[in-house]
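This report covers strand pairing, helix packing and backbone angles in one model. The structure is shown first.

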Amino acid sequence: MNEETLTTGEESIFLSDVEPHAATPIDRAPDLRSRVLLHVLFADTLLIGDSQSLNNKYFRALVSGREAQEVENAAAGTVLADLAPLLEAGRIRVARRAGYTLQRIRDEHAAKHVDNVPSPAYVDQLEAMAAEHFVPYEGKVVEAAFKSGVLHRLELGLQQARGDTRAVLDAALLWARDQEVLYYKSLRDWLDHFRMTSPRAGAEVVLALQSVDDWAGESYRQGLPSALNVGMAGPRDAPDTIPTSRSRRILEQAQLPAAMLDNFLLSQLPVEVLFEATAQPSRNALVRELARLRRGLQPDVPVLRAAVDEFSSWMLEAFDRTFRARGGQAWDHLQGEARLMRFGLDEDPTTGRLGAGLEIQTAAADTTRNLSFHVMNRPTGAGEANWIQAARRPVKDLDPLDRVVTL
């Protein structure tokens with residue numbers, strides 16, 4: 001059983017929305033593939049959870065031709081089941097609970113009637129692909145991180161709460177503290193019971209319960225990446241942006257080639273081109289500087305400027321030669337690609353936050369769904385308290401193509 005620890009200084013990103021249980025619904029394997037490739041471009045290691053590697057049928061379709069035949073639209077030839085080399089090389093690694101095999105996890109899921117449990121044959125195949133690069137984690141550490149996150153959010157919420165809101169948060173905090181192990185499902189059951197026993201509760205109570213639910217969901221998604229001390233990738237929410245009124249622009253580049261943010265083109269890019277991209281010095285410099293930013297360190301602005309310019313141009317050239325040789329729909333799509341990309345680096349002097357982002361410059365009439373990629377550091381001091389307490393939309397309501405890496 002081979003397992004790896006994460007190297008200090010390595011930019012490791014946990015892809016939170018491989019989760020198959022409808023937080024950000026993925027209903028097409030190509031859409032998941034474009035997200036996976038985007039984050040592999042900007043990380044030394046892309047991590048996914050053990051349950052997600054097993055129970056997400058679209059992920060299975062991307063690494064196994066046999067599984068690809070089982071998903072919708074496979075007959076149309078739109079699913080490229082070619083990502084196994086990324087697992088074999090350690091570019092994608094499965095975070096697996098210590099002391100477990102994937103087969104044991106699969107069997108426990110089957111006994112609990114978890115949705116989309118894979119066949120034993122797929123589990124054997126995945127074990128072989130990922131054998132050299134599993135990343136272990138302690139289940140109890142993740143459980144503790146979840147409970148700590150929930151308690152921290154409740155304590156911050158109570159600092160400004162009054163009246164019925166305070167009563168709800170107090171009750172939730174007392175109950176959560178009393179749990180030897182705080183399970184996400186148990187907390188949601190407690191919230192449901194509170195709602196059922198308070199049928200005439202006012203708006204303050206309803207909103208307070210929703211806040212607890214939202215904070216619990218956020219803590220749940222952050223539990224594993226927090227325990228592994230890695231970045232978390234997911235859909236971007238309002239608290240993961242710097243308000244325009246407080247933003248100080250440090251760097252802006254426009255008129256950059258936009259191919260690498262094209263959802264369709266990434267879904268069709270052969271994996272060997274991705275390996276070639278990850279070997280580019282400009283790409284590695286870009287990953288390194290964005291990793292510094294995410295950790296709250298000032299990036300080297302001239303290096304960042306040169307890396308973005310050089311790597312975006314290299315990617316366009318790679319897309320051009322790849323799809324020109326292959327022809328077909330991807331080449332036609334690239335020929336019609338007239339959009340450009342911008343890169344911005346911003347600072348919020350009030351909270352100390354840094355943010356950088358790659359976005360396609362679109363005209364008002366352009367309704368094409370584009371990928372974007374943003375990196376944010378976490379605010380400190382009073383800024384952290386405001387960030388944690390900021391209202392967040394349900395993850396299902398966010399744009400899954402508008403990406404952010406934080407923590």
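## Strands E2 and E3

Ile-48 stands opposite Val-94 in E3. Strands E2 and E3 run parallel and are joined by four bridges; strands here are DSSP runs (E, at least two residues), helices are DSSP runs as well (H or I, at least four residues), and both are numbered from the N terminus. Two strands are taken to pair if DSSP finds at least two bridges between them. E1 is joined to E2 by three bridges, again in a parallel arrangement, and Phe-14 stands opposite Leu-47 in E2.

Five of the five residues of E2 are buried (under 20% relative accessible area; exposed is over 50% and partly exposed lies in between, with a 1.4 Å probe and protein chains only). Thr-45, Leu-47 and Gly-49 are buried on one side of E2, and Leu-46 and Ile-48 are buried on the other.

The model is predicted: local features need pLDDT of at least 70 and side-chain atom pairs count only at pLDDT 80 or more, while totals for chains, interfaces and linings use all residues. Residues are numbered from 1 along each chain as its sequence is written, and side-chain values use heavy atoms, with hydrogens and water left out.

## The sheet

E2 belongs to an open sheet of ten strands with mixed pairing, in the order E4-E3-E2-E1-E5-E10-E9-E8-E7-E6. Strand E4 (135–137) and strand E6 (248–257) are at the edges with a single partner strand each, so one side of each has no neighbour in the sheet. On average, neighbouring strands of this sheet are turned by 25° against each other, direction ignored.

Strand E9 (residues 372–376) and strand E10 (residues 402–406) run parallel and are joined by four bridges. His-374 has Val-404 in E10 as its bridge partner. Helix H1 (residues 29–41) lies across strands E1, E2, E3, E5, E9 and E10, and runs at about 40° to E10. Axes are lines fitted to C-alpha atoms, for helices over the stretch in contact, and angles run from 0 to 180 degrees between N-to-C directions.

## Helices H9 and H11

The axes of helix H9 (residues 163–178) and helix H11 (residues 203–228) cross at roughly 40° and come within 8 Å. In this contact (heavy atoms within 4.5 Å), Gly-163, Asp-164, Thr-165, Val-168, Leu-169 and Ala-172 of H9 meet Glu-204, Val-205, Ala-208, Leu-209, Val-212 and Trp-215 of H11. Of the residues in the contact of H9 with H11, eight are nonpolar, two polar and two charged; Ala, Val, Leu, Ile, Met, Phe, Trp, Tyr, Cys and Pro count as nonpolar, Asp, Glu, Lys and Arg as charged, and the others, Gly among them, as polar.

## Helix H16

In helix H16 (residues 328–335), the buried residues are Ala-330, Trp-331 and Leu-334. They lie on the same side of H16, because they cover an arc of only 95° around the axis (taken from the directions from the helix axis to the C-beta atoms). These buried residues pack against helix H12 (263–268) and helix H15 (301–326). Gln-329, Asp-332 and Gln-335 are exposed on the other side of H16.

## Positive phi angles

Asn-229 is not a glycine, yet has a positive phi of about 55°. Asn-229 is placed in the loop between H11 and E5 and is exposed, with a relative accessible area of 70%.

Gln-255, in strand E6, has a positive phi near 60° and is likewise a residue other than glycine. The relative accessible area of Gln-255 is 55%, which makes Gln-255 exposed.
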